Amino acid sequence: MTDKTNTPKSFQDIILRLQNYWAEKGCAILQPYDMEVGAGTFHPATTLRSLGSNPWAAAYVQPSRRPTDGRYGENPNRLQHYYQYQVIIKPSPPDLQALYLGSLEAIGIDMELHDIRFVEDDWESPTLGAWGLGWEVWCDGMEVSQFTYFQQVGGHDCHPVSGELTYGLERLAMYVLGVDHVMDMPFNAPDALIPLSYGDVFKQTEEEYARYNFDAANTDILLKHFEEAEAECKALLSLEAGDPKTGKRIILAHPAYDQCIKASHIFNLLDARGVISVTERQAYIGRVRALAKQCADAFIQTRAGGYVEAAE
Amino acid sequence: MADLLIELFSEEIPARMQKNALADLTRMMSEGMANAGLTYGDKSGFVTPRRLVLMMSDVPAMSMPKTEERKGPRVDAPEKALEGFLRGAGLTKDQLKTRDDPKGAFYVATMTAPGRSANDIIAEALEKTIRNFPWPKSMRWGDGDLKWVRPLHSIIAVMSDGEESEIVPFEIAGIKASNTTHGHRFLAPDEITVHNAEDYMAKLAKANVILDPIARADHIRNEATNAAFAIGLSLIEDEKLLNENAGLVEYPVVYLGEIEEQFRTLPAEVLQTSMAEHQKFLSLKNADGQITGYVIVANRSTKDNGAMIKAGNAKVLRARLSDAVFFWENDLRNVERHGVEPWLEKLSNVTFHNKLGTQGERIDRIVELSREIAPMVGASPDDAATAAKIAKADLASEMVYEFPELQGVMGTYYAKAAGHSNAIANVCTTHYAPLGPSDDVPTEPTAIAVSLADKFDILTGFWAIDEKPTGSKDPFALRRSALGIVRIILENDLRISLADMIGKGHEGANSSDLTRFIIDRLNVYLRDQNIRHDVIGALKNDSDDLALLVKRVKALDAFLKTDDGTNMQAGIKRALNILSAEEKKDGVSFELDPDPKLMKHDAEIALQNALDKAEATAIPALKSENFEEAMSAIGQARSAVDTFFTDVIVNDDNAIIRRNRLCILNRIRVLSVQICDFSELEG
């Protein structure tokens, strides 16, 4: 699909190129968040850091889980666990589109030979109380990224506005590498000592998790966990800002947000287990959104969220 | 005189917003300039995914001076009032004039505002336009506060006169107006400096930007048609998709692709929808009408003649169509083995609306309603019930889950596969019609019955739970359903009472309110056919038999366009006015039969005779719904009415004669109300 001399050889090659590219452009290369999330946006580096006035620039890979998308590793493009590459820059720089196109070149897409288009696609996350305007980016008719200018997160207007880029890594890599089934995609270099395909790494886990997500996960326990995460989130946020032990002002925005992430993932699992009716669905989404909003409220009361402590 | 060029250069504007944006830019700038007294000769505008362009010719350097008169205090008013007035007007006392009016003499100031520079006015209008631009959705970016549809990058604002060209001084949110822009994002990204509109157009054309959206659409259509012709195919017209494509590219380049053999078993609608929906491909058909090819509209040419672009798009299409084949084959296998019953069972667990129950319950209601409506429209109740039962089964199919817009069409395929007759199967598609105002309505009796049942069920349902459309909010497209009812009734000349139908639908729907809602749609429909709105108003709420109403409206509309009609209207209105005035005065109604013995005047007798004659024809004609004849008969009384009003004084000194004459006028009233409420008519 691409110019031979510059073609990446493997899935990880594409990831490494993106890491290098965005590092060069000045982003902090963060690591994945150590919790189960549905998309890279859930990483606090995006959700929370897009709030408040402090500038921010980060890029990272985020393993993402969508329990309902599991197909036992058999579908050529659908996975319950996949990777997103996420770039978040605040304030959004004026040349963000050009920067983005540069990243496509970095992974071997020759702009002279391909048809790149920006097609309207507005982004909304009902669970995060967030929305933005932007596009899905098409390369030869295929959606390769989501490009969004955040307008609101956790119910707060974003000011300044963050620019967010999300690459669906498997799909993008399959395209660049010319692979038809995700499991056939080379994970490391095909000429490595021990060449591994995506299937070598993930076929078994796709099977295991598909069975777990659809049939085995104990819904009673999950329902209880959901309630607990919700309660814990609220409890953490209800604490006084002044820490009795250190006397410092410590608001528990991140620990509380962890509970919100947990509740969100548990909801996704319950959804995959088919125990949530259509009407209940809205109610659960509303409960997660309420947590996300309260976490956002708390975060903007912290230093990273732009809060300036009054001089003592 | 100078020519103005404005370009607002931004990141990609959604295709669906471009046309309106151009109209809004043109309107807001013209208004802004006109309000400030700045004229222009011609104007033209263009829009691409990245730019909004406005050009105006012959703009003077200054606006016209504006003169206005301001009324001041009376000449005998206290000195203080005058001082205040002079201060406000910036004049001295000797510059004032005095004028008399019934209340006395007062001061008048004539104030002349000097002309203002065009640059200032344009800058002001542009600022207002940008800040108040009615984008359907707009956004902020970076750390700014300005809102635009996507980040705004640069603005050209140039006034040019021959070789002379200057930038209109203007700045908004840190963006300074300039005379520079960029060409095509990939083919000619360098900065371009422009002197005037002509130069701008020439340079952008060279920089791979086709400014005119119509030219882009034409280009796509022509290129696609020619390329398809060369391989024996023809383009399936899809104006909306064509325009959308024209809104996604600045430099359209057309590439053709062929649908692989393995996908050609898919129904044409599936191929077309999948390609249009996911990839914005136009479809190509062969001589047999089979879709065998497609058109990719790319935003560039490449040195490999689009080889990569074609290969990439073909790959995406293959994945999409593989999915579609999977759904299609699964669905077919299911209906061939088990019919549509398992789907109906599934639908009985799907919520339609939390206050209106499940899809299954809704289908059951439509079945019952179809059975009842069938005899009124000449359909067999059993056929209507059978068709209604399966009409929405495809909502549970995999294909419709994936492509909701294929509902109905898939139902017909599946119903046939399940062994239903073509006539019954077709109802799956046709009962949704009409979807748009120019769509065909169902004409086959079974389809009419199910279509009406469907629409009356949804309307009475939402009326019963009091969720009616408000303003622009109509999430369940109830207006469309109502218009559908109107059109099905009229275009099939059905004689049914709305109230009757509503009575058979959901309990608790306010019948008169819903009738009014449907009649409102009728009025919109008639207005679109250029029937005078007051003519429609004069018949309002008179009957809930739509076909009858429209017959009357059309006859009346035609009648009022004749000489007899306009004169008769004047005569009738005069009679109505006199009657209501005199009745109010006397506190009685003049409704007795006039007594011929009391008629002294020839004109009185002539009118009485003319009315006898008109009635003799008009009343039976009205009964047999021959409205043209009735109106022409009434029109023939016109000269008698005219003469009566010229020669006869209604308010005779003799109270008995006066009353008798008013009673003659009452005959006109009685006759006229059978036609319409003339007091509602204008003129």
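This is a predicted model: local features need pLDDT of at least 70, side-chain atom pairs count only at pLDDT 80 or more; totals for chains, interfaces and linings use all residues.
In chain B, helix 22, residues 602-623, and helix 24, residues 638-647, cross in a left-handed way. Their axes come within 9 Å, and the crossing angle is roughly 155°. Anything over 145 counts as roughly antiparallel, and therefore that's what we call helix 22 and helix 24 of chain B. Who's touching whom? From helix 22 of chain B you've got B:Ala603, B:Glu604, B:Ala606, B:Leu607 and B:Ala610, and they meet B:Ala640, B:Val641, B:Thr643, B:Phe644 and B:Asp647 of helix 24. That contact splits into 7 nonpolar residues, 1 polar and 2 charged.

Staying in chain B, look at helix 16, residues 478-491, and helix 20, residues 546-559: the axes come within 9 Å here too, crossing at roughly 70°. So that pair is roughly perpendicular. Here B:Val486, B:Ile489 and B:Leu490 from helix 16 meet B:Leu546, B:Ala547 and B:Val550 from helix 20. And that contact is 6 nonpolar residues, with no polar and no charged ones.

Last thing, the two chains together. Chain A puts 28 residues into the contact and chain B puts in 30. On the chain A side, the elements giving two or more residues are strands 4, 6 and 7 plus helix 8. Strand 4 of chain A has the largest share, with 4 residues. By type, the chain A side comes out as 15 nonpolar, 7 polar and 6 charged.

Conventions. Residues are numbered from 1 along each chain as its sequence is written. Chains are lettered from A and ligands numbered from 1 in the order in which they are written. Two residues are in contact if their C-beta atoms, placed from the backbone, lie within 7 Å. Ala, Val, Leu, Ile, Met, Phe, Trp, Tyr, Cys and Pro count as nonpolar, Asp, Glu, Lys and Arg as charged, and the others, Gly among them, as polar. Axes are lines fitted to C-alpha atoms, for helices over the stretch in contact, and angles run from 0 to 180 degrees between N-to-C directions. Angles under 35 degrees count as roughly parallel, over 145 as roughly antiparallel, 65 to 115 as roughly perpendicular and the rest as oblique. A crossing is left-handed if the near helix is turned anticlockwise from the far one by less than a right angle, and right-handed if clockwise.
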